[in-house]
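This report describes one protein chain for a reader who has its sequence and structure at hand. Please keep both in view while reading.

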Amino acid sequence: MSHTVGVRQAQKQKTRQALLDAGLRLLEEQSLSSLGLREVTRLVGVAPAAFYRHFRDMADLGVALVEEALGSLHVMIRAILAEQNGDEERIEGTVDAVARHVRAYPAHVRFIARERHGGVRPVREAIAAELGRFVDEVAAAFALQLEADGWSAEDIRMLAGLYVDHMVMTAAAFLEAAPDRSVAADADASDDPAAADRAASAAEARIAATARSQLRIISLGRQHWRDA
């Protein structure tokens, strides 16, 4: 009996993940507010009724995608804050980590960037809540030093919010650079097969340089905030 229950549970989880994957795939070309439940179930190959065994509605699926897209980032952010010594190392570590994440999970980043201000309220609220937790984690890490320098909890959280907003903005910029690869490939593949990679790498390098400069400006402002 326990074996049968285990098999059923595994199959249920497999179907749930298939629905999430299908939704994410379809959302590469449209917003959640325009995506129909039947489109998702058709892609998975299950009846529409099966959807409701896993999600209440499309907004519920969207919230689950938010958790999937942003949940793993908590570990990455904690690692960046804990392991880097000094502002310059933290800046380099942050930009490199964001770039790697966008390359590894472009569909998740695109979903968050589009739906953060999209038309599905529960998803907007879920994204805001998750980003708020990032801000809390960054603020907690900064507080170890900044409270000793006389910073208030309100100002520390404001600074943490700047860092998190910058990470989101940088991720979106890296994502926008990705089409350069396909454009270059279409234009130059016959003359130079490596043109697409060079164009994409150059675009990423420009974005990374800008992101590092912006973080240095934030860092300089932090150093002189108490003097203002």
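The sections below treat the confidence of the model, its helices, its core and some selected residues.

## Model and confidence

This is a predicted model, in which local features need pLDDT of at least 70, side-chain atom pairs count only at pLDDT 80 or more, and totals for chains, interfaces and linings use all residues. Residues are numbered from 1 along each chain as its sequence is written, and side-chain values use heavy atoms, with hydrogens and water left out.

The term pLDDT denotes the predictor's confidence in each residue, on a scale from 0 to 100. Its average over the chain is 88, and 90% of the residues score at least 70. Confidence is highest in helix 2 (residues 37-44), with a mean of 97, and lowest in helix 10 (residues 179-188), with a mean of 48. Over residues 180-190 the pLDDT stays under 50, and the model has 13 contacts beyond four places in sequence for them; a contact means heavy atoms within 4.5 Å. Where pLDDT is low, the predicted coordinates should not be read in detail.

## Overall build

The chain has 11 helices and 0 strands. Both kinds of element are DSSP runs numbered from the N terminus: helices are H or I runs of at least four residues, and strands are E runs of at least two.

Of the 228 residues in the chain, 41% are buried. Buried means under 20% relative accessible area, exposed means over 50%, and partly exposed lies in between, with a 1.4 Å probe and protein chains only. The accessible surface of the chain comes to about 12,700 Å², and carbon and sulfur atoms account for 54% of it; such areas come from the Shrake-Rupley method with a 1.4 Å probe, and for residues only the protein chains shown count as cover. Among contacts between residues at least 6 apart in sequence, 66% join residues at least 24 apart.

## The nonpolar core

A nonpolar core is a set of buried Ala, Val, Leu, Ile, Met, Phe, Trp, Tyr and Cys residues joined through side-chain atoms within 4.5 Å. The largest one here has 64 residues, and those with the most contacts inside it are Met58, Leu61, Val66, Phe111, Val138, Phe142 and Phe174. Helix 8 (residues 121-146) supplies the largest share of this core, 11 residues. In soluble globular proteins, nonpolar side chains tend to be buried together.

Phe111 is placed in helix 7 (residues 106-115) and counts as buried, at 2% relative accessibility. Beyond four places in sequence, Phe111 touches Leu24, Leu27, Gly62, Leu65, Val66 and Val123. Phe111 and Gly62 are 49 residues apart in sequence, while their C-alpha atoms are 9.2 Å apart in space.

## Helix 4

Helix 4 (residues 58-71) contains 14 residues and reaches 19 Å from its first C-alpha to its last, close to the 20 Å expected at 1.5 Å a residue. The expected span is 1.5 Å times one less than the number of residues.

Because 10 of its 14 residues are buried, helix 4 is largely enclosed by the rest of the structure. Its buried residues include Met58, Asp60, Leu61, Gly62 and Val66.

## Aromatic pairs

Rings of Phe, Tyr and Trp (its six-membered ring) pair if their centres lie within 6.5 Å; planes under 30 degrees apart count as stacked, over 60 as edge-to-face and the rest as tilted. The whole structure holds 4 aromatic pairs. Phe51 and Phe55 form a tilted pair, 5.5 Å centre to centre with 45° between the planes. Phe142 and Tyr163 form an edge-to-face pair, 5.0 Å centre to centre with 70° between the planes. Phe142 lies in helix 8 and Tyr163 in helix 9 (residues 153-177), so this pair ties together parts that are 21 residues apart in sequence.

Both Phe142 and Tyr163 are buried. Phe51, Tyr52 and Phe55 form one aromatic cluster.

Glu130 lies in helix 8 and is buried, at 7% relative accessibility. Apart from neighbours within four places in sequence, Glu130 is in contact with Leu70, Gly71 and His74.

Arg222 lies in helix 11 (residues 195-224) and is buried, at 9% relative accessibility. Beyond four places in sequence, the residues that Arg222 touches include Asp87, Gln145, Trp151 and Tyr163.
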